[in-house]
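This briefing covers the ligand surroundings, the model confidence and the salt bridges of one structure. The sequence and the coordinates come first.

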Amino acid sequence: MTREQELDGALQRVRGRVADAARAADRDPDEITLVVVTKFFPASDVRLLHDLGVRDVGENRHQEAQAKVEEVGLGDLRWHYIGGLQSNKAAAVASYADAVHSLDRAKLLRGLSRGALEAGRVLPVTVQVDLDPRHAGGPDGIQDDGQGGGRAGALPQDVAALAAQVADTEGLELRGVMAVAPLDADPVEAFRRLQRVADEVRREHPGATWISAGMSGDLEAAIAFGATHVRVGGAVLGERPSRG
Ligand SMILES: *Cc1c(COP(=O)(O)O)cnc(C)c1O
């Protein structure tokens, strides 16, 4: 089997899962965007995915993303930045990303804004929410692993203020919320909580309609609770290749 056939089969299975989950939730599958997370995989895979109709891809590390965007060079692909952000890299990310899902602190706004304005574009942004109930008491002890893993995100009680700051920042457009279900916790509970946070944000900002949630293992639960963007890596691309 060629790599293209392998990706084609996996993509069809994932699209089938998305459609089944949408129907089970009485939703239109067309309102759910499949973002294929291509981190760790080569530009050649991104091109094959494009041949198979994928237009939304996700990356979680700045250096890898920047290099891949250049190497792939396809203008009609949308690059979603979903990983941990450093404030000194934010402007660079804003220069090539078509959306940033992982905004989790106000410190990043200045750089993202500058990068978007310099590139002459308006950057869609979602606020990443930390859904881990063990963090609910406060930020003490939370460590961002810098990889877009389960530790990043604004605490639910801080999301409204951060969302308002995004909405007030030139060059940025508040699009909604994003989360990764916490490890060792029930994703159903997590995504139910995310939907409540999303509803609150949308009451203040009617354009903030995105809920970016759900990965290979839990996309059905996310779609049941309103996900508009599922971010799927392994179920499409397979095991991560080792880095040489
Ligand atoms: C890697 C990653 C994904 C995709 O995860 P899979 O389990 O491979 O589907 C989704 N979201 C974020 C933030 C990621 O870093």
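A polar contact is a pair of N or O atoms within 3.5 Å; within protein, one atom must be able to donate a hydrogen and the other to accept it, and residues adjacent in sequence count only if both atoms are side-chain atoms. On the ligand side, an oxygen atom of the ligand has a backbone N or O atom of Gly-234 at 2.8 Å. The structure is a predicted model, in which local features need pLDDT of at least 70 and side-chain atom pairs count only at pLDDT 80 or more, while totals for chains, interfaces and linings use all residues. Residues are numbered from 1 along each chain as its sequence is written, and side-chain values use heavy atoms, with hydrogens and water left out.

**Ligand site**

- Gly-233 places a backbone N or O atom 2.8 Å from an oxygen atom of the ligand.
- The side chain of Arg-231 has an N or O atom 2.9 Å from a nitrogen atom of the ligand.
- The protein buries 86% of the 390 Å² that the ligand exposes when taken alone (Shrake-Rupley method, 1.4 Å probe).

**Confidence**

- The protein chain has an average pLDDT of 93, and 93% of the residues score at least 70 (pLDDT is the predictor's confidence in each residue, from 0 to 100).
- Residues 144-150 have a pLDDT below 50, and this stretch makes 16 contacts in the model beyond near neighbours in sequence (heavy atoms within 4.5 Å).
- Where pLDDT is low, the predicted coordinates should not be read in detail.

**Salt bridges**

- The count is 16 salt bridges, each a side-chain nitrogen of Lys or Arg within 4 Å of a carboxyl oxygen of Asp or Glu.
- Glu-59 and Lys-68 form a salt bridge, with the closest N and O atoms 2.8 Å apart.
- Glu-59 is buried at 2% relative accessible area, and Lys-68 is buried at 5% (buried is under 20%, exposed over 50%, partly exposed in between; 1.4 Å probe, protein chains only).
- Glu-31 forms a salt bridge with Arg-27 at 3.0 Å between the closest N and O atoms.
- Glu-31 is partly exposed at 42%, whereas Arg-27 is buried at 14%.
- Arg-114 and Glu-118 meet through their side chains in a salt bridge of 3.9 Å, N to O.
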